[in-house]
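Have a go at each task before you read its solution.

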Amino acid sequence: MLSFTAFRARNRAVSSLRSIATSAKPYRTTRSFLRHYASTTNAPPPVTKVEKLILDSIKATGPVSFATYMQTCLAHPTHGYYMDPEHPVFGSRGDFITSPEISQVFGELVAIWFLAQWQSAGSPSAIRLVELGPGRGTLMADVVRVITNLTAKLKPGLLKEIHLVETSKALREIQIEKLAPFRGQTGCAVEWHDDLDYIPSSPAFTMVVAHEFFDALPFYLIQKINDKEWREVRVASALTPLKDPRTESTEPLSTTETVPQGEHPDPESVYPRFRRALSPDPTAASIGTAVLSPRYENLAPGSLLEVSPTSYYKARQLATLLGSSKPKPAIENTQTPESNVPPNGGGCGLIIDYGDDKAFGNSFRAFKDHKIVDVFERPGQCDLTTNVDFALLREAMGDLVSSHGPLTQREFLIRMGISFRVSNLTKTQSEERKKAIVDAAERLMDPTGMGTEYKVLGFTSFRGERGEDGKLPPVYPF
Ligand code: SAH
């Protein structure tokens, strides 16, 4: 059994999760996970602040979307999981540990890929770095260290700006401390933003990284109820009698949505305090998200889909940020008009996360103390996450940049020369230290864990000329 403290625990459930391709069964609200606590010695956990907020909102206006549930739990300005400075969040004391925290080699190889892209783009005279969701700032610190070390002699002052998109004030404090030494050394400006929208355009070559960012973004859960129609599955109160018309579901759910006579609960004893409910009518989310990708059209009735329009929008924003010149057309006289060329100076990016090149329908999960718990358990105090649909991100960016991959993290690291870097790094180390470095690298490449569950998607501003097949030249290591 793999220790959950070994790496970010929240990816462990991935391999056992069904993707939509295989989840054709109608969603059923299994009452079995509603635990009833009979005595005070076995009392359910106290109502959390976030839980109270959501229960009140449901009382006032009916079930809430999964997007609202997730966003309130993670990002409520004072009580959200990432917002509350009381939560240690990362590392062995927290609920998970991430790749950049496991080994410095991870960030170093990301930096090498960035520099290779910069060189292929003709070594522009200025670069800037952008990170979405920098956590403890470890990845950015490793990237900045490598870029400044490798370019210090030939191109001093090459790195002009660092932009960090981070909503958590508590994590910003940690990032400020982590990056302080580099601000002095490199003289580059470091800015924090609440959203990607606030990053200005720039003629600099932009290098973007988003590691374990997209999995934390809100999603909507929808279910196909017949050949054409989708309905939203929302979060209802488990304390509400199930015959409440606002929360009652239509077929195919209603048959399973009955509470045995006499069992309806003493509100104090019901736990978790939320349940899923299929909306009887179309909602804005069921209409709007079902059309986000043509891949959803042919799914079988009963299929469940976790769709994140926020992820789609942010991926598009990222691509716009690179704002490259358009690719040279295969046919000469269809040249893109000059006026369509955005002002930014081109660039490259990596999105690294767990997930796959497909949609998922049942990957939403929660983590507490390195263990999987029910998604409705202790709202606001557990990490919540879903698998990333990389195909959706590619579709979102498609006409703005070239996207590459996704590759498994293992393939990416191997092709980027992880073994060469590890053997250099261990040359002068004690046996004990050497073993720690090698073990950490192996953990990142584990074919039964992080190495395959995590994927790497690259994207670059359009470069080169299209071949006879209409494709732009491939970008190493994809
Ligand atoms: N990249 C880091 C941390 C991953 S955890 C690592 O791999 O170690 C997710 C990070 O994204 C946290 O820093 C969290 O505060 C941030 N975050 C989550 N949702 C966000 C949003 N909508 N906008 C900006 N930052 C967000």
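**Exercise 1.** Find which residue of β13 stands opposite Ala366.

*Solution.* In this predicted model, the residue facing Ala366 is Val373 in β13. Next, look at the strands themselves: β12 covers residues 365–368, and three bridges join β12 to β13, the two running antiparallel. Strands here are DSSP runs of E with at least two residues, numbered from the N terminus, and two of them pair if DSSP finds at least two bridges between them.

Residues are numbered from 1 along each chain as its sequence is written. Local features need pLDDT of at least 70, side-chain atom pairs count only at pLDDT 80 or more, totals for chains, interfaces and linings use all residues, and side-chain values use heavy atoms, with hydrogens and water left out.

**Exercise 2.** Describe what surrounds the ligand.

*Solution.* First, count the shell: 17 residues surround the ligand (a heavy atom within 4 Å). The closest are Thr98, Gly133, Gly135, Glu166 and His211.

Then look for polar contacts (N or O atoms within 3.5 Å). A polar backbone atom of Gly133 is 2.7 Å from a nitrogen atom of the ligand, and one of Gly135 is 3.1 Å from a ligand oxygen atom. From Thr167, a polar side-chain atom lies 3.4 Å from a ligand nitrogen atom.

Terms used. Polar contact = N/O pair within 3.5 Å; in protein donor to acceptor, adjacent residues only side chain to side chain. Helix = DSSP H or I, 4+ residues; strand = E, 2+ residues; numbered from the N terminus.
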